[in-house]
Amino acid sequence: MTAGTALTARTTAAEHELAARTTTAEHELAALQREHGRPLFALLLRLCDGDRQRAEDLVQETLVRAWQHPEALRTDAFDSVRPWLLTVGRRLAIDARRARQARPAEVGDAVLENAPVCADHAERAAATLDVREAVKTLTPEHREVLVLVYFQGASVAEAAETLGIPPGTVKSRAYYALRALRRVLPGYAPDLG
């Protein structure tokens, strides 16, 4: 037998041994699941406040821990591995609860859709500048009426008295001023058609 053939024979034997251990471990884990899975799930379901998915995830995590620590399952120090599994599962549930409490609560899309939208100060400032520039394009008569009625909150009668013109003229100038602004500021007031 050559050195290369001996190495291949040893590698193949090691692979078979590893496969045998893996298969044995899988069988042991499956038997563990069948024997202790229901009581473990029942405990974790209570600890998860009835959340089945979370409880199932914790059962799987507990079995992974059992797979990672086979020495705990094969010891003769106790009659059953169930107490060990239940303790590990309980500790995992406690850790998961603490982790959820340590981070902010998760919100669904429905909550975000109904959340009030806060006004953006930058957009409001830009809109104010646009309106100021648009008002500058108006005739002085239209600008006076618009400033008095819409920006200073004067009534039609008060604006008429201040400007020394009839109330009908105030209404007419306000109408035409707004119409001119709509042409200069498209998209700002689509409902004012």
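Modeller: Ground rules: it's a prediction, so local features need pLDDT of at least 70 and side-chain atom pairs count only at pLDDT 80 or more, while totals for chains, interfaces and linings use all residues. Numbering runs from 1 along each chain as its sequence is written, and side-chain values use heavy atoms, with hydrogens and water left out.

Colleague: Why are H2 and H4 called oblique to each other?

Modeller: H2 (residues 52-68) and H4 (residues 82-102) pack at about 125°, axes 9 Å apart. Under 35 degrees is roughly parallel, over 145 roughly antiparallel, 65 to 115 roughly perpendicular, and the rest oblique. H2 and H4 are therefore oblique.

Colleague: What makes up the contact of H2 with H4?

Modeller: Contact means heavy atoms within 4.5 Å. On the H2 side, Arg54, Leu58, Glu61, Thr62, Arg65 and Ala66 take part, meeting H4 residues including Trp84, Leu85 and Arg100. The contact residues split into 8 nonpolar, 2 polar and 4 charged; Gly counts as polar here.

Colleague: What makes a set of residues a nonpolar core?

Modeller: They must be buried Ala, Val, Leu, Ile, Met, Phe, Trp, Tyr or Cys, joined through side-chain atoms within 4.5 Å. Buried means under 20% relative accessible area, against over 50% for exposed and in between for partly exposed (1.4 Å probe, protein chains only). The largest core has 15 residues, with Leu32, Leu44, Ala55, Leu58, Val59 and Leu85 touching the most other members.

Colleague: Which helix gives the most to this core?

Modeller: H2, with 5 residues.

Definitions and conventions:
Axes fitted to C-alpha atoms, helices over the stretch in contact; angles between N-to-C directions. Helix = DSSP H or I, 4+ residues; strand = E, 2+ residues; numbered from the N terminus.
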